[in-house]
Structure formats: C-alpha cells, structure tokens
Amino acid sequence: MDIPGPEPRADGGAGAVAAAGGLHVYQLRLHAEYGPVVRFQLPGADTAVSVADPVLLEATAHVDKRPEPLFAFLAPLFEAGNVQVMPADEHTPWRRLLLSVLAGRPSHERHFARFTELVTELADRWAERAGQGPVELQKDLTALSLRMICAYALGGEAEDPDRVVDAFEEVLTEHLGRLYQAPLPGSREERAERAAEALAYLRAVVDRVVAAHRSGDRADRIIEAGERPARIRDTVMVAMLAAHHTTGLAVSWTLHLLGRHPEAAGRVAEELDRVLGDRAAPEYADLRRLTYLERVLKEAMRLYPPGPYGARETTEALVLGDYEIPAGTTVFYPFWAVHMNPDHWPEPERFMPERFTPEETAKRPRLAYIPFGLGPRGCEGAALAMVEAELVLAVLLKRLRFRPVPGHEVTPVERFVLWAADDIRMTVSPRT
Ligand code: HEM
C-alpha cells in the first residue's frame, strides 16, 4: 500500500514547512490530515516517513542510525564528528560513556548541593526584581541549565553563560535557516559573519573549559575519558548544546503553563509546603515525594516537548502496520504529534497533569510519551534533566509566584528546540 501524504513539490518541501510556520507545526498538520503514517518531503532528506502512532513506532525503536544529511547543519560545530550521527559501532561506546557520566543517580546526588546554589542565586535575583517589571524565563533559565551542565559534566564554571547561549542561538538560527531557505534578517554575508564569529567564540569556550580542566586537579567526567582531543572537544560541545536549551525550556514552559492554570500552581505550592516545610530547597531524596510537581513537568513536556522531533534511517526493510518501507528510508519522529495523538491523549490541547498518575500512564502504550526520544539514540541526559528540572521548579515555586504578563503573546517557534519567539515574560512576586 502507498503511504499517504501531500503531492511532492519542486522546492523539496521547504515551502510547505515555511508556510506552516516550521517543522514543529507542519508535523501536526500532516498527521491531522493524513493519519498516523505520512510520507512527506523533508528539507535535507528528500522524502521521509513520519510515524505518530506509538504502537507502530515500536517497529522502529531498535534502529541505530540517524540520517546524516539532516544533521549536516550542525557539522560546522564539530571537528572529529557529531556523536548524533556516528555509525552504530562507533556510537555505542560513546553512548555507554555518556550514560555512565550522565545517568548515575549517586552522581546526581553529589552535584545536588551545587545545583541548589545555582538555582538559589537565580531565585534571589528574581526576588530582588519583584515589582520592577517582568523577567525573561527562557533567557535566564537556559543560562542556568548551561551553568548546571558545566558544573556537572565538565567539572567547572561556565564563563559568561548568557553569551554562550546567544552564540548557540546565532549559529543554530543561521544554519537551520540555510537548511529551510528561510528568510532571515540582515544580508547573507552579515549573517554568515556573525555565525562564524559566534562559532569561533564557542570553540574558544570549549577549549578553555578543557584546558582549565586539564590544568586543575579535578577528577571529572567527560574530559577524563581518555579520548583523543578533537573527540573530547566535540563531546563537550554536544553536551553543552544538548543540555543547555532543553532543560531550561522544560522549566520555562512548565512555569508558563502554571501561570495560566492557577489551580494547578496552587496544588504545586501546597505540595512543596507539605514536603519541604520551612526549607527553601529540597534534598535529593525529597524529589520522589514531589509527585504532583513531576506530573506537571511531564504534562508540560507533552504539550511543549523541548526537542519536538527526531529522525532515523532504516538499515533494513521494516513493516509499519499496513505499510512496508525499504532500507535507507528516513523515518521522521514527530514527538509533538505523538504527544497530541487523540487516540491516546483525550482532549490533547488541555493541560491535565492527572494524565501522569501511575494508573493513567499504565493505560497508554510505552511510546505514547517520548520527550527524550527512544531506542539506542534516545537522550542520554534524560535522568539528569529530570533531577535538574524538578529541583529548579521546586526552589522557584517554593519561594515565588509567577504570573503571565497581560498582552505578551507566547509563541512556540522551531530552533531545533521548541523555543518561545519573544521569550516567556512573567511577573514574579514573593509567595508570602
Ligand atoms: C528536558 C531536557 C531534555 C530533553 C527534553 C531532551 C531531549 C532529547 C531528545 C528528544 C533527543 C533526541 C532523541 C532521539 O532522537 O530519539 C536528545 C538527544 C540527546 N540528548 Fe537530550 N534532552 C534533554 C536534556 C539533556 C541533557 C541535560 C543532556 C546532557 C548532556 C542531554 C544530552 C543529549 C545527547 C548527548 C543526545 C544525543 C543522543 C545520541 O545521539 O546518542 N540531553 N535529547
């Protein structure tokens, strides 16, 4: 059977993606119109098959290859190669290393005190600003995530985190823009120059992080892995890239949703008062008692998955329900459309943290909820990200109340991550 989808166009699909407002919105439209399996033109990949059904996704879950052309826009960031597109045999040892560094509970616990200091500094800063106009959640929280990953995986401090975040933004916007042939402000030369400067700055930061580490006596993590220098620099870059937006965005979107659902915000505050008492921050062991907070975070990542899509390339023919796809097919993972699939998420647009009670979760197929992707290329930072995000939310929401700014529109746009176009501005005030 032929897989349904829109008629091919001469522009390779760039026009349809741009007309929808980005790949994040286009995936929702495609699946609403054509059903759970759709063939479409994906810029950079010729055609791709998108799968929004969690049961059909199982048939792809073992695939251990990403389509290289789709990630080519990130290539300038790396010297020896991007871990995201390495062949399976080379990738597997890196995955093991990344998991050993990022997924160990004891090491999350060891870094918890430093994480708490970092988020407390931000809470202090925001508390001082109360009454002096809104704060920009996305800007400050992505910088906080960058500080956290540097403290955790690189054993050091991030220099000028705001500038590092801006530099990533500059590089990604320019290179993604080229992929989609999107109209961007400024002349092509000006943009290319700015992106090149931003990239040079990022490289220099990574080099300084690695050098500082080598000259110090800290026995730490990725850099200790004994790999050749170019690989280490690349892995530091990928860790900084993969960790800095995503966790900050997960927290930003959660606060955005709580601002629009005061009754849920009230329940979070009650839970924090009950579990923490007079303490301003949780201990590591408290996190698992913050069950409602965790449901809220999960529901926020369902509605606004920080990484809204992924992709694989099949290495053998696969059967997807009624369809067979050959080896070499690009499989698009529309994480957002999977999370909005009405077969598994009644009233998918509604914010309902109760969807994540153990009973409700047990009713759904395993891959109905995949904010961290799936299979051998799924996110190695998932466990760390959950610890970070829950801690940050707990500290901020114990102390502060967040309210939407009237008239400020929050619009998700695609920057490889699900970014808010004009940040998420909120008014902050002390809770008591
Ligand atoms: C809420 C926070 C985060 C979200 C939502 C997130 C989401 C994702 C997603 C969707 C992918 C692609 C998975 C796939 O293709 O199946 C991914 C990959 C990855 N993430 Fe995360 N991530 C988060 C935080 C982190 C953190 C803190 C790190 C730490 C360094 C990290 C490291 C990585 C790496 C290294 C990859 C590439 C995986 C590979 O190719 O082996 N992520 N992440």
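**Charged residues and the iron site**

Asp-124 counts as partly exposed, at 32% relative accessibility; this label lies between buried (under 20% relative accessible area) and exposed (over 50%), with a 1.4 Å probe and protein chains only. The model is predicted: local features need pLDDT of at least 70 and side-chain atom pairs count only at pLDDT 80 or more, while totals for chains, interfaces and linings use all residues. Residues are numbered from 1 along each chain as its sequence is written, and side-chain values use heavy atoms, with hydrogens and water left out.

**Iron site**

- The iron atom of the ligand has Cys-379 (SG) as its only protein donor, at 2.3 Å; donors are N, O and S atoms within 2.8 Å of the metal (3.2 Å for Na, K and Ca), and sites may look incomplete because water is not among the atoms.
- Cys-379 is found in the loop between helix H14 (358-363) and helix H15 (382-399); helices are DSSP runs (H or I) of at least four residues, numbered from the N terminus.

**Salt bridges**

- The count of salt bridges is 22, where each one is a side-chain nitrogen of Lys or Arg within 4 Å of a carboxyl oxygen of Asp or Glu.
- One of them joins the side chains of Asp-124 and Arg-399, at 2.8 Å from N to O.
- This pair links distant parts of the chain, since Asp-124 is in helix H6 (residues 105-128) and Arg-399 in helix H15, 275 residues apart.
- Arg-399 is partly exposed, with a relative accessibility of 29%.
- Arg-125 and Asp-140 also meet through their side chains in a salt bridge, at 4.0 Å from N to O.
- Because Arg-125 lies in helix H6 and Asp-140 in helix H7 (residues 137-153), this pair ties together parts that are 15 residues apart in sequence.
- Arg-125 is partly exposed at 39% relative accessible area, whereas Asp-140 is buried at 11%.
- In the salt bridge between Asp-286 and Arg-289, the closest N and O atoms are 3.2 Å apart.
- Asp-286 is buried, at 5% relative accessibility, whereas Arg-289 is partly exposed, with a relative accessible area of 43%.

**Surface charge**

- A patch of negative charge on the surface gathers Glu-189, Glu-190, Glu-193 and Glu-197; patches are made of residues with over 30% relative accessible area and no salt bridge, like charges being joined within 9 Å.
- Glu-189 has its place in helix H9 (residues 188-215).
- Glu-189 is exposed, with a relative accessible area of 57%.

Conventions
Helices (H or I, at least four residues) and strands (E, at least two) are DSSP runs, numbered from the N terminus. Patches are made of residues with over 30% relative accessible area and no salt bridge: like charges are joined within 9 Å, nonpolar side chains (Val, Leu, Ile, Met, Phe, Trp, Tyr) within 5 Å. Accessible areas come from the Shrake-Rupley method with a 1.4 Å probe; for residues, only the protein chains shown count as cover. Lys and Arg count as positive and Asp and Glu as negative; His and the chain ends are not counted. The place of a charge is taken as NZ of Lys, CZ of Arg, CG of Asp or CD of Glu.
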